[in-house]
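Okay, everyone, thanks for coming.

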Amino acid sequence: MHIRCWGSRGAIPVSGAEYLRYGGDTTCLEIRSSDGETIIVDAGTGIRRLGNRMVAENRLHCHLLFTHAHWDHVMGFPFFRPIFNPRAELILYNCPFEDRFVETILSEVMSPPTFPVRYAELKAKIDCRHDCSTRFAIGSVTVSPVPLSHPNSGTGYKFTENGRSFVFLTDNELGFVHPNGLNFDGYRDFCKGTDLLIHDAEYTPEEYRRARQWGHSVFTDVVALAREAGVRRLGLFHLNQDRTDDAMDRIVAQCRQLLAGAGIECFGVAADMTLEV
Ligand SMILES: [Zn+2]
Ligand SMILES: [Zn+2]
């Protein structure tokens with residue numbers, strides 16, 4: 001799998017000289033399978049640049065999964081250019097929404113008076129799949145969903161191909177079990193031995209004392225998860241909107257110190273970063 005991050009910022013997109021290295025766009029990941037499928041996770045503002053790239057490359061068939069419906073994960077959808085292209089084919093998955101369908105959520109995102117174009121006016125061929133309560137396949141990639149511990153719930157994913165796996169858990173609080181979420185041991189078992197874990201690491205221990213139950217993790221819990229699960233690489237994700245590049249570098253340095261000798265590579269996930277699994 002080839003993975004590219006188009007945005008790793010949490011809560012709200014940011015701009016400015018202090019955010020240039022990690023980037024300001026909100027959550028969007030692109031996974032390319034070895035048999036050429038394009039899998040997108042979340043439509044944060046990062047999906048705008050991905051869509052521009054797809055149109056430029058005439059790559060107009062893709063699968064779009066969501067972790068949950070919080071606005072930082074859906075607000076880029078109206079600016080994803082393929083949706084206005086009649087030759088584009090978009091397959092949407094209903095995974096995190098349970099009784100509310102993905103199309104209901106996106107219709108609310110694209111609805112006057114908050115947005116001038118309605119979801120029903122989109123030109124792309126859009127197909128909705130509801131078969132994601134257990135594992136399912138997208139081309140050569142097997143997708144295994146897991147419930148997130150987050151307000152209003154959500155879904156995390158494990159992507160497996162050719163015996164290698166990548167786990168993506170953003171907006172997941174390891175220190176508190178929200179309704180439908182798992183406890184620490186449950187996430188440890190889900191991540192066991194994975195080649196790459198990208199996990200929400202929004203808070204420092206000092207910040208977390210004020211942010212408990214907000215649905216995000218303190219980086220010390222994420223480091224413990226990576227160590228106990230025996231993952232090979234750990235990417236820190238959902239960067240706080242006020243986290244400057246230099247402050248993020250300090251968090252990465254602390255995590256590397258905590259992981260010294262564990263044989264786990266640790267880094268902060270930046271926009272435009274590419275990873276091979
Ligand atoms: Zn978020
Ligand atoms: Zn959220």
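I'll go from the overall shape to one pair of helices.

First, the housekeeping: this is a predicted model, where local features need pLDDT of at least 70 and side-chain atom pairs count only at pLDDT 80 or more, while totals for chains, interfaces and linings use all residues. Residues are numbered from 1 along each chain as its sequence is written, and chains are lettered from A and ligands numbered from 1 in the order in which they are written.

So, we've got 6 helices and 14 strands; those are DSSP runs, H or I of at least four residues for helices and E of at least two for strands, numbered from the N terminus. The C-alpha atoms fill a box of roughly 50 × 40 × 35 Å along the principal axes. Of the 277 residues, 45% are buried, as in 20 or more other C-beta atoms within 10 Å of a residue's own, with C-beta atoms placed from the backbone.

Now the helix pair. The axes of α5 (residues 219–229) and α6 (residues 245–258) come within 10 Å and cross at roughly 40 degrees; axes here are lines fitted to C-alpha atoms over the stretch in contact, with angles from 0 to 180 degrees between N-to-C directions. Who meets whom? On the α5 side you have Phe 219, Thr 220 and Val 223, and they meet Ile 251, Cys 255 and Leu 258 of α6, a contact being C-beta atoms, placed from the backbone, within 7 Å. By class, that's 5 nonpolar, 1 polar and no charged residues, with Val, Leu, Ile, Phe and Cys among those counted as nonpolar.

Note on methods: A residue is buried if 20 or more other C-beta atoms lie within 10 Å of its own, exposed if 12 or fewer, and partly exposed in between; C-beta atoms are placed from the backbone. Two residues are in contact if their C-beta atoms, placed from the backbone, lie within 7 Å.
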